[in-house]
Amino acid sequence: GGDLLGQFELVVRHLGEPVSVSTQSSGIAQLAIFVFAIKLASAQPGTILLVDEPEISLHPQAQRSLMRALRDLDVQMLVATHSATLLDRADPRRIVRLTRTPAGIRVASPSTLSDTDARKLARFTSPHTAEAFFARTVILAEGMSDQIALEVVAERQGRNLDAEGISIVPMGGITAAKAFMQLYGPTGLNLKVAGLCDENEESHLLAALE
């Protein structure tokens with residue numbers, strides 16, 4: 001039986017004639033594995049699915065498509081990732097950040113968000129804003145122009161924000177500051193947070209930071 005199984009070969013067709021999966025691109029091979037995993041999970045109620053870095057070898061559109069298929073499964077699932085693209089439109093309450101510290105692994109999650117704030121932030125959670133989930137420090141800016149200005153200033157000062165683990169997040173308006181603080185602050189992902197806004201709106205940002 002073992003000798004017979006060893007002779008089987010998976011053949012996949014993608015934009016051409018069917019060929020062995022071993023000669024396809026690594027992305028196609030990765031997706032072929034998930035096809036089987038999704039089929040098996042769908043056929044077995046009560047499945048617990050553990051997925052480690054599903055983004056490997058997949059371009060952003062394929063990552064989002066795969067994540068949508070996984071979310072549609074009626075199973076318990078734990079996904080470990082380094083990809084902000086996979087977190088596109090994700091409910092922030094399902095995000096858990098693990099940080100290694102001298103005392104051990106620290107766990108942080110914005111699980112206390114209200115349904116209203118969670119829905120609002122899910123709409124604004126793009127791959128760009130989700131980059132901050134992996135950062136050490138977040139700078140909240142009102143809009144894209146403020147973000148660009150901060151990046152230019154940092155560059156002129158010789159600062160490499162990426163190397164320092166700093167993400168600048170445009171909020172789309174100062175009124176969203178409170179919800180973003182709930183996401184990134186001490187009751188959320190527990191990141192260091194700073195903010196930049198116009199002088200006449202300083203009180204709104206200070207209230208959110210406090």
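Okay, let me start with a term: a salt bridge here is a side-chain nitrogen of Lys or Arg within 4 Å of a carboxyl oxygen of Asp or Glu. By that rule, the structure holds three salt bridges. And please keep in mind that this is a predicted model.

So, the bridges one by one. Let's begin at Arg93. Its side chain meets that of Asp91 in a salt bridge, at 3.0 Å from N to O. Arg93 also meets Asp115 in a salt bridge, and there the N to O distance is 2.5 Å. What does the pair of Asp115 and Arg93 tie together? Asp115 lies in helix α4, residues 115–124, while Arg93 is in the loop between β4 (76–80) and β5 (97–101), so the pair ties together parts that are 22 residues apart in sequence.

How covered are these side chains? Arg93 has 26% relative accessibility, so it counts as partly exposed. Asp91 comes in at 23%, also partly exposed, and Asp115 at 46% is partly exposed too.

The remaining bridge to mention joins the side chains of Arg159 and Glu164, at 2.7 Å from N to O. Arg159 is partly exposed, with a relative accessible area of 40%, and Glu164 is partly exposed at 29%. Going back to the other residues, salt bridges that share partners join Asp91, Arg93 and Asp115 into one network.

Now, that loop between β4 and β5 comes up again, because Val96 is found there. Val96 belongs to a nonpolar patch on the surface, together with Leu98, Ile105 and Val107. Taken together, the four have about 400 Å² of accessible area. As a general point, in soluble globular proteins, nonpolar side chains tend to be buried together.

Which brings me to the inside. How many residues does the largest nonpolar core have? The count is 26, and the residues with the most contacts inside this core are Phe133, Val138, Leu140, Val169, Met171, Phe180 and Tyr184. At least two residues of this core come from each of α4, β7 (137–141), α7 (177–184) and α8 (202–209). The largest share is from α7, which supplies six residues. There's also a second, separate core of 12 residues, including Ala41, Leu49, Leu73 and Leu86.

Let's stay with β7 for a moment. Is this strand mostly covered or open? Mostly covered: five of its five residues are buried. Thr137, Ile139 and Ala141 point one way from β7, Val138 and Leu140 point the other way, and all are buried. Take Val138: leaving aside neighbours within four places in sequence, Val138 is in contact with Ala132, Ser167, Val169, Tyr184, Leu191, Lys192, Val193 and Ala194.

And what does β7 pair with? Its partner is strand β8, residues 166–170, in the parallel sense over five bridges. Within that pairing, Leu140 has Val169 as its bridge partner in β8. Both Leu140 and Val169 are among the residues with the most contacts inside the largest core.

Last bit, the chain overall. There are eight helices and nine strands. Of the 210 residues, 39% count as buried. The chain exposes about 13200 Å², and carbon and sulfur atoms supply 54% of that. Finally, take the contacts with a separation of 6 or more: residues 24 or more positions apart account for 64% of them.

Technical notes
Residues are numbered from 1 along each chain as its sequence is written. This is a predicted model: local features need pLDDT of at least 70, side-chain atom pairs count only at pLDDT 80 or more; totals for chains, interfaces and linings use all residues. Side-chain values use heavy atoms; hydrogens and water are left out. Buried means under 20% relative accessible area, exposed over 50%, partly exposed in between (1.4 Å probe, protein chains only). Helices (H or I, at least four residues) and strands (E, at least two) are DSSP runs, numbered from the N terminus. Patches are made of residues with over 30% relative accessible area and no salt bridge: like charges are joined within 9 Å, nonpolar side chains (Val, Leu, Ile, Met, Phe, Trp, Tyr) within 5 Å. Accessible areas come from the Shrake-Rupley method with a 1.4 Å probe; for residues, only the protein chains shown count as cover. A nonpolar core is a set of buried Ala, Val, Leu, Ile, Met, Phe, Trp, Tyr and Cys residues joined through side-chain atoms within 4.5 Å. Contact means heavy atoms within 4.5 Å. Two strands pair if DSSP finds at least two bridges between them.
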